[in-house]
Amino acid sequence: MNAPPLSSTELSRWTQPGSSRVPFWAYTDAQLYQRELEKIFYGAHWCYVGLEAEIPNVGDYKLSHVGERQVLMVRDRIAPKDRATDHGIRVVENRCAHRGVRFCQNPQGNARSFVCPYHQWTYKLNGDLAGLPFKDGVKEGDCVNGGMPEGFDLKDHGLTKLRVALLHGLVFATFSEETEPLKDYLGPQLMPWLDRIFKGPEGARKLTLLGYNRQRIPGNWKLMMENIKDPYHPGLLHTWFVTFGLWRADQKSRMVMDEEGRHAVMISRRNEGGQNAAVTEGVTSFKANMALHDDRLLDVVPEPWWTVPDPSNPGSDITPTVTMITLFPSLIIQQQVNSLSTRHIVPRGQGEFDFIWTHFGFADDTPEMTQRRLRQANLFGPAGFVSADDGEVIEFSQAGFEQAGEGATLCELGGTGNEMTEHMVTETLIRSMYAYWKKVMGL
């Protein structure tokens, strides 16, 4: 769908300079949202669709989304001569080339081919049209009734195919031929932090799936990107974080972003010694007397891969306990102590989005580490002791934006610039994202 053109008046509605004050209409305007789909999700951006580990065998597929458009991530057959150069992962749109039917209804499965139930048009795993009933008509005596017109070619009527790029088992896709190569899109500032999680001494670590969570959140999709670029709130909103010391303002932290300001990493290390009382004074979410009935939720075991050469300080190492990676526009990658997950943002209109969590571990994890990752995953997800707060406060934010009257958010903690910092008392990553968003959207 093409977004309706915005008038020059509408394009100039963002009257404030910079990106530290985001107008409420940026979250509520339906016309602007359609423009976002076209410019961002269907434009020159790489969008996450899944993990390679989710489709290990030929014919395995999984339904996913790029923006609102449903796609199939599928493992195709590879000719022996192409095995050195072809990863075999295809992403095709779940929409029949004949009459537009969403032909696949199962969220995951295995297939030799895809068949549309309406008129039995059949597609290969790579999206090519393999055949259709009555293409050459139906013979009746000496006559042939019907059939496709002369010149109809199967090659011209396959499924919409997306460009696909893989990085360490993460699968990305784009509708645009103009999207830059994936590593260039992610940038050298982000790559060391992706390598840290997904790349081992011998290449990409083999992942194991531990489970999924799904939720629908009544808020604009950008609010979740903001939330995970926001180090200000975790030690204030989340009782769990501030009380048990998983994320507090006195922790050694760093905010990293790519050159465009669209992607970011929030990096932090849990305090091993005493806590600074100043960061809990007056914080209503801090519960000094709160105790756990099952302290295994805080059974944190440092892992060797946590320690890496510090990209910002050559010659020294860094050992974060938390990295929250936001890859614009649709992916969050979480390492929160031993818990690992991807979070996929799927927009459903200007005031709603689906949020899909994929919890994972590594193939060489011990059974004890797998159980530890699963226990700590209970802190997150739709009903997690931490993440339930985020879903609720995003709903509250959207409700506030939709009230009558003009207004704007204020993101000026740490100033109004977009620089990287060595602390978390800042909203720089949010400002950076909106500076990029304004440029892409023509605002």
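Thr-342 stands opposite Thr-358 in β23, in a predicted model where local features need pLDDT of at least 70, side-chain atom pairs count only at pLDDT 80 or more, and totals for chains, interfaces and linings use all residues. Residues are numbered from 1 along each chain as its sequence is written, and side-chain values use heavy atoms, without hydrogens and water.

**Sheet**
- Strands β22 (residues 339-347) and β23 (residues 353-362) pair in the antiparallel sense over 7 bridges; pairing requires at least two DSSP bridges between two strands.
- An open sheet of 7 strands, with antiparallel pairing, has the order β15-β23-β22-β21-β20-β17-β16.
- At its edges stand β15 (207-217) and β16 (252-257), each with a single partner strand, so one side of each has no neighbour in the sheet.
- Helix α6 (residues 221-228) lies across β15, β17 (264-269), β20 (322-327), β21 (331-336), β22 and β23, and runs at about 150° to β22. Axes are lines fitted to C-alpha atoms, for helices over the stretch in contact, and angles run from 0 to 180 degrees between N-to-C directions.

**Nonpolar core**
- Trp-221, Met-224 and Trp-437 touch the most other members of the largest nonpolar core, which has 56 residues. Such a core is a set of buried Ala, Val, Leu, Ile, Met, Phe, Trp, Tyr and Cys residues joined through side-chain atoms within 4.5 Å.
- Helix α11 supplies the largest share of this core, 7 residues.

**Thr-409**
- Thr-409 lies in the loop between α10 (387-401) and α11 (428-441); helices are DSSP runs of H or I with at least four residues, and strands are runs of E with at least two.
- Thr-409 is buried, with a relative accessible area of 16%; buried means under 20% (1.4 Å probe, protein chains only).
- Residues touched by Thr-409 include Ser-20, Arg-21 and Phe-401, not counting residues up to four places away in sequence; contact means heavy atoms within 4.5 Å.

Definitions and conventions
Buried < 20%, exposed > 50% of the residue type's maximum accessible area, 1.4 Å probe, protein only.
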